[in-house]
Amino acid sequence: MAEFPTYLDVDYTDGEGERPNDYPTLDAKVEKAIEITHVALDEYRDPAVMWTGGKDSTLVLYFVREVAREFDLEVPPAVFIDHFEHFPDVLSFVERWAEEWDLDLRYARNEEFARLGAEPGDEIPIDVLSEETRHELRERLGYEGETFRFSADSYEGNHLLKTVALNDAIREEGFDGVFSGVRWDEQEARADETFFSPRHDPEKYPPHDRVHSILQFDERAVWDAMWNHVVPDAIEGYPAGHVPQDYDDLPAGITQENLPVSPKYFEGFRSLGSERGSAKSDDRPAWLQDLDGTTERAGRAQDKEDLMGRLRDLGYM
């Protein structure tokens, strides 16, 4: 990693000033995703795919798998950040499809909190934490409290349980390019991202690049891609473009368990975070809700969402 990024030839300005409507059709969005994915798989020596089991990262993983197959390239490892507060359904979904797709699934977690036996919501005394963790809290975050609330949705918890875990995985595994399911329309702090986004400051994170292959998608386009590409390619005989209205509207012989779509979306969740910090936004499946007139992440814990710019500067996705 010492020579990074001199062996790369990627355009860090690709996507500057653009928005989803610069790619006006689903075909145009898909074509760009394939282009970025192909460049990345060619250029990075040790890439990885961040995979949460959510719709965005599953779409990213789909393009990675399809491009790798088409051009006889290796599928990179899929990295799942375990922040200790996942829906059991999400964990089961990830494990099932990792096996189905023969993925090299790797878990990134802050093992210090596993060793402490901490439970979500616990108030953990700062003085029982390691020197490294205390440094993250005091020096990087400016945290002055004597206890720390163990929660993936707080500012401090998000950093320690997700960002630190991710940075440790990047450092230990030597990943140089990390695919992430970031979209321009999803959050204001992400609106200025480019398709190849450098993270080269060693004072903040192990030097690497983020690869944002679906920046150009909006929420509606993600679901269109799921029902027209991801699901039909995963299930033989699934009619492309069939959008189920509920569990009972699936084609004959197909159950929700057969779909590479998290069951939480059928239940009305539009954005999947922690089990305690996420709420469904409607009783209808996510893709049938008012995607244009309502906020996608409205059901997520807001203390983190409101600080997204600061979190991303620390290395969060």
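The report below covers the whole chain before turning to a single residue.

The model is a predicted one. Its chain holds 10 helices and 8 strands. The radius of gyration is 19 Å, close to the 20 Å given by the globule rule for 317 residues, so the chain is as compact as a globular protein of that length. The C-alpha trace spans about 55 × 45 × 35 Å along its principal axes.

Some values for the chain are tabulated here.

| Property of the chain | Value |
|---|---|
| Share of the 317 residues counted as buried | 56% |
| Share of contacts with a separation of 6 or more that join residues 24 or more positions apart | 69% |
| Accessible surface | about 13900 Å² |
| Share of the accessible surface belonging to carbon and sulfur atoms | 43% |

As for charge, there are 72 negative side chains and 33 positive ones. The centres of these two sets are 3 Å apart.

Is Pro125 buried, exposed or partly exposed? Its relative accessible area is 33%. Buried would require under 20% and exposed over 50%, so Pro125 counts as partly exposed.

When neighbours within four places in sequence are left aside, Pro125 is in contact with Glu146 and Thr147. Another proline, Pro198, lies 73 residues from Pro125 along the chain, and the C-alpha atoms of the two are separated by 35 Å.

Conventions
Residues numbered from 1 in each chain as written. Predicted model: local features only at pLDDT ≥ 70, side-chain atom pairs only at ≥ 80, totals over all residues. Heavy atoms only, no water. Helix = DSSP H or I, 4+ residues; strand = E, 2+ residues; numbered from the N terminus. Rg over C-alpha atoms; globule rule 2.2 N^0.38 Å. Buried < 20%, exposed > 50% of the residue type's maximum accessible area, 1.4 Å probe, protein only. Contact = heavy atoms within 4.5 Å. Areas by Shrake-Rupley, 256 points an atom, 1.4 Å probe, with all protein chains shown as cover. Lys, Arg positive; Asp, Glu negative; His and termini not counted. Charge placed at Lys NZ, Arg CZ, Asp CG, Glu CD.
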